[in-house]
Protein chains: 2
Amino acid sequence: MASNQNISMAVIRRLPKYHRYLRELLDKDVKRISSKELSEIIGFTASQIRQDLNNFGGFGQQGYGYNVEDLYNEIGKILGLTKNYNTIIVGAGNLGQALANYASFGRFGFNLVGIFDINPKLIGLKINNVEVRDMDELKAFASETPVDIAYICTSRSGAQDVADALMECKIKAVWNFAPVDLKVDDDVIVENVHLIDNLLTLTYFVKEQ
Amino acid sequence: MASNQNISMAVIRRLPKYHRYLRELLDKDVKRISSKELSEIIGFTASQIRQDLNNFGGFGQQGYGYNVEDLYNEIGKILGLTKNYNTIIVGAGNLGQALANYASFGRFGFNLVGIFDINPKLIGLKINNVEVRDMDELKAFASETPVDIAYICTSRSGAQDVADALMECKIKAVWNFAPVDLKVDDDVIVENVHLIDNLLTLTYFVKEQ
């Protein structure tokens with residue numbers, strides 16, 4: 001297995017898509033696949049696929065192609081899917097509740113261990129069997145329960161304060177849904193889902209149509 | 001104003017971020033800003049910013065910088081924000097309901113005109129004052145009410161059927177939240193939010209930490 005140290009972000013971002021397509025192939029009981037066939041279903045060029053997968057030591061064999069299950073498992077390992085992750089949601093509004101109820105996350109080993117909000121009307125509510133706690137309890141909670149990833153589902157104005165509170169609790173990975181770019185320490189990883197940015201890309205094309 | 005014909009996807013995808021930051025500056029009553037100052041808050045290099053904005057005719061003036069309000073309005077125009085968009089949601093589960101309730105969309109001129117599902121338990125429910133209709137009614141609905149953008153919030157297995165139904169109704173823009181890459185006609189624009197792909201990028205980095 002080659003070192004993963006110098007893999008570009010672009011390659012990393014393509015891996016979940018490989019993982020998703022390989023799972024579909026596994027579901028269809030496909031045992032092996034060439035880079036050419038994979039290219040046809042996934043939409044990257046065959047040469048791109050070979051180059052991407054070579055980054056991780058090269059799983060394919062000339063004339064045989066890729067063993068689907070092995071490749072799926074290896075990419076899962078690279079993506080860190082061989083362990084479970086404790087997650088919390090901060091912000092129990094519509095989006096936070098939707099994410100709390102999103103069944104697919106559990107399948108990949110994401111365990112929702114806590115939900116936090118500052119709104120007294122939401123505190124105490126149970127969502128997908130997890131009680132919404134007061135944000136003031138976060139520090140005590142995180143000192144007892146390891147938290148791997150926090151999802152920020154607050155409004156724009158509240159998000160940076162939440163990020164600061166998460167850093168105080170030594171939580172190092174943030175999935176941010178608030179429409180703001182957070183300022184965090186260098187050892188904190190933020191992955192943004194800026195829904196409105198995404199939607200405005202679509203309007204550009206609708207306008208151009 | 002230069003032609004927008006040959007603007008790269010990368011530039012288009014940065015525009016909503018410019019738009020978002022400029023709105024924040026406007027909220028703080030900032031009148032003008034240099035590419036250097038803009039660079040400090042937005043995180044792109046000053047040269048990148050000048051290059052991006054030159055694509056659209058160049059709004060800045062040497063020694064003056066950019067007029068914040070003009071630039072905000074121009075980018076809004078480029079992104080197609082000078083008109084309203086009729087939107088529908090297909091799939092009234094957790095995520096569909098969250099999007100239906102997401103107040104910020106209305107502010108940008110997105111009007112939710114319909115919600116559709118196949119689940120009899122959801123049909124008839126009112127979400128944010130919009131009634132969930134039977135998916136069978138989509139065609140009749142779309143023939144009476146113009147629909148600019150459809151949000152697909154179904155499961156993976158149902159999404160392609162929905163995309164096919166949308167194409168039958170001549171709906172040309174799709175915001176897809178289902179974890180699947182849709183097959184659509186060339187004149188249909190799809191913007192994907194693959195939440196799990198995004199989350200798995202995060203686990204890669206958590207694992208590497």
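Chain B and chain A of this predicted model bury about 5,700 Å² between them, 64% of it on carbon and sulfur atoms. Buried area is the accessible area (1.4 Å probe) that two parts lose on being put together, summed over both. In this model, local features need pLDDT of at least 70, side-chain atom pairs count only at pLDDT 80 or more, and totals for chains, interfaces and linings use all residues. Residues are numbered from 1 along each chain as its sequence is written, chains are lettered from A in the order in which they are written, and side-chain values use heavy atoms, with hydrogens and water left out.

**Contacts**
- On the chain B side, 62 residues are in contact with 61 residues of chain A (contact means heavy atoms within 4.5 Å).
- Because 98% of the interface residues of chain B are also interface residues in chain A, the copies meet through the same surface.

**Salt bridges**
- The interface of chain B and chain A holds ten salt bridges (a side-chain nitrogen of Lys or Arg within 4 Å of a carboxyl oxygen of Asp or Glu).
- One salt bridge joins the side chains of Asp27(B) and Arg156(A), at 3.5 Å from N to O.

**Symmetry**
- A rotation of 180 degrees with 0.0 Å of shift along its axis superposes chain B on chain A, with an RMSD of 0.0 Å (least squares on the C-alpha atoms of residues with pLDDT of at least 70 in both).
- That is the relation of a two-fold axis.
- Ala98(B) comes closest to the rotation axis of the residues of chain B, its C-alpha lying at 3.1 Å.
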